[in-house]
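Trainee: I have a model open and want to work through its packing. Can we go question by question?

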Amino acid sequence: PMLRSDWRDLMRLGFSQGVFDPDLRMASHKFQGGDAQLEAFVLKLENPKKNAWERRQEREAAKRAKKKLTENEWDRRFYRENKEALHGGELRAVLHPAQVYLGLSYPPASDLAPTDRIVVWLGTELASDVMAGFEAVLHRSDIPSPTEISQGFAEAQTWNICFAFMAGLLARHRSGRGVFDLSADVQTIGLLLCHHFDSSICIDDDLSALREDLEQHVIPTEAAREAFARLWIEPSLIAGSSSVMGLYKLAHDESWQLTGAILAAEWLMRFPNLSEYIELELVDCLTYSGALTPLALIAESRANTIFRNLDHMFGWLAIDVLLRFERILPDLSGIGTEHPEFIWFLRNRFELERRGTMLPFSIAHAKWIVSQFRIQWPHSVLEGSCSGNTNSHDATDFLRAMINRIASDTSAEAENALQ
């Protein structure tokens with residue numbers, strides 16, 4: 001009995017995560033010598049009795065697997081009966097397969113390769129029919145026009161055919177066929193979808209390569225790029241949308257900044273009642289591209305505007321300070337004392353990056369800002385952690401940048417400003 005007990009203890013020590021140490025298991029056979037009790041002890045360790053919750057989980061998993069199998073069989077039967085619709089690229093037949101192919105819908109796991117998602121779900125034969133359906137969509141005569149697609153963006157609506165479109169274009173790209181022989185409308189729709197939805201329309205990482213291929217055909221010149229941006233964005237501005245996809249790209253993507261500067265200047269004049277957020281995004285298109293002269297003219301045209309609220313007024317007043325300083329300086333007396341929060345509007349307009357690149361400004365600008373706000377915002381240092389970017393230490397950072405601008409200048413004007 002003592003030897004049996006010691007042996008059991010030794011076996012327990014060698015048992016980890018449901019598995020015996022191989023050398024120990026081999027040695028144990030010699031000691032067991034066919035002993036039924038000892039063998040039963042080992043089997044019990046290897047096959048412990050499951051808890052009630054484990055048995056319940058296994059039953060539920062088995063039910064889900066059976067249900068999934070039944071659903072898959074039903075789906076396969078449906079698509080076998082609708083092969084003609086598949087081959088014709090009819091929306092009712094290609095929509096769900098397109099979403100599965102793009103990794104946006106189940107049953108197959110989204111981490112499978114795109115075509116494998118279809119194969120696992122419908123089988124190899126039907127997968128070929130599905131891929132043929134994706135291609136057929138690209139050649140249908142009843143598809144929406146690029147204008148209708150972008151109007152849908154403006155109304156926060158997405159045509160369901162867009163998913164099949166993307167599936168067809170990606171299938172072509174992945175097979176090496178390219179998009180050169182597709183109609184101009186199909187190419188334009190594809191590029192609209194790539195830019196507007198980006199990764200939200202497909203989980204795979206080759207969407208950017210498709211976008212680059214489409215750009216070579218749709219926007220080969222600056223004029224074509226401008227026409228495309230107008231097609232994509234302008235309907236949303238006309239509709240007064242609260243969020244307009246594409247404006248960030250026009251402001252921050254170097255390849256789009258020239259287009260952004262041209263269109264933003266026009267749009268700010270044509271649409272004076274845009275939301276403050278959209279308006280400032282258009283202003284960013286001008287500042288990040290360095291198109292400050294058109295922005296100054298726009299600011300001058302708004303000199304007599306009745307602004308919607310104080311924030312709206314301060315946003316444009318900050319632009320005036322930057323670009324029309326001498327003209328408006330008489331109207332700024334005491335603003336730092338009365339409205340110390342105006343420093344944030346100045347900071348947001350002068351800085352292109354937080355504590356980084358700034359737009360060009362003069363010694364006079366810097367001297368005036370320091371004189372207006374240094375008393376209202378005494379020197380402060382971040383201690384610990386904080387949130388937001390309108391804290392006292394953020395004001396210190398901005399004022400220090402103004403002082404550094406003066407200190408780094410060797411002119412007599414700068415020397416006088418420091419005294």
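Trainee: Is Arg374 buried or exposed?

Mentor: Keep in mind that this is a predicted model. Arg374 lies in the loop between H22 and H23. Exposed takes over 50% relative accessible area. Arg374 has 55%, so it counts as exposed.

Trainee: How far apart in space are Arg374 and Asp198?

Mentor: In sequence, 176 residues separate Arg374 from Asp198. In space, C-alpha to C-alpha, the separation of Arg374 and Asp198 is 44 Å.

Trainee: What is the distance in space between Phe41 and Arg8?

Mentor: Phe41 lies in helix H3, residues 36–46. The cut-off for buried is under 20%, so Phe41 is buried at a relative accessible area of 14%. Arg8 is 33 residues from Phe41 in sequence. Their C-alpha to C-alpha distance is 7.9 Å.

Trainee: On to the rings. What kind of aromatic pair do Phe342 and Phe345 form?

Mentor: The structure holds 15 aromatic pairs. For Phe342 and Phe345, the centres are 6.4 Å apart and the planes are at 25°. Planes under 30 degrees apart count as stacked. The pair is therefore stacked.

Trainee: Which helix holds both Phe342 and Phe345?

Mentor: Phe342 and Phe345 are three residues apart, about one turn of the helix. An α-helix has 3.6 residues a turn, so residues three or four places apart point the same way. Phe342 is buried, with a relative accessible area of 0%. The helix, residues 342–350, is H21.

Trainee: Which residue's ring lies under the charged end of Arg405?

Mentor: Two such arrangements are worth checking. The charged end of Arg225 sits over the ring of Trp256, 4.6 Å from its centre. For Arg405, the distance from charged end to ring centre is 5.8 Å, and the ring belongs to Phe361.

Trainee: Which helices do the buried residues of H23 pack against?

Mentor: H23 covers residues 392–407 and reaches 22 Å, close to the 22 Å expected. Its buried residues include Phe398, Leu399, Met402 and Ile406. The buried residues of H23 pack against H21, H22 and H24.

Trainee: How many of the 14 residues of H18 are buried?

Mentor: H18 runs over residues 310–323 and spans 20 Å from its first C-alpha to its last. Among its buried residues are Phe314, Trp316, Leu317 and Ile319. H18 is largely enclosed by the rest of the structure, because its buried residues number ten.

Trainee: Is H6 roughly parallel or oblique to H7?

Mentor: H6 and H7 have axes 8 Å apart. His96, Pro97, Val100 and Tyr101 in H6 meet H7 residues including Ile118 and Trp121. The packing angle is about 125°, which makes H6 oblique to H7.

Trainee: At what angle do H6 and H8 pack?

Mentor: The axes of H6 and H8 are 10 Å apart. H6 is roughly perpendicular to H8. Val94, Pro97, Ala98 and Tyr101 of H6 make the contact with H8 residues including Val130, Met131 and Phe134. The angle between H6 and H8 is about 105°.

Definitions and conventions. Residues are numbered from 1 along each chain as its sequence is written. This is a predicted model: local features need pLDDT of at least 70, side-chain atom pairs count only at pLDDT 80 or more; totals for chains, interfaces and linings use all residues. Side-chain values use heavy atoms; hydrogens and water are left out. Rings of Phe, Tyr and Trp (its six-membered ring) pair if their centres lie within 6.5 Å; planes under 30 degrees apart count as stacked, over 60 as edge-to-face and the rest as tilted. Helices (H or I, at least four residues) and strands (E, at least two) are DSSP runs, numbered from the N terminus. Buried means under 20% relative accessible area, exposed over 50%, partly exposed in between (1.4 Å probe, protein chains only). A charge sits over a ring if NZ of Lys or CZ of Arg is within 6 Å of the ring centre and within 35 degrees of the ring normal. The expected span of a helix is 1.5 Å times one less than its number of residues. Contact means heavy atoms within 4.5 Å. Axes are lines fitted to C-alpha atoms, for helices over the stretch in contact, and angles run from 0 to 180 degrees between N-to-C directions. Angles under 35 degrees count as roughly parallel, over 145 as roughly antiparallel, 65 to 115 as roughly perpendicular and the rest as oblique.
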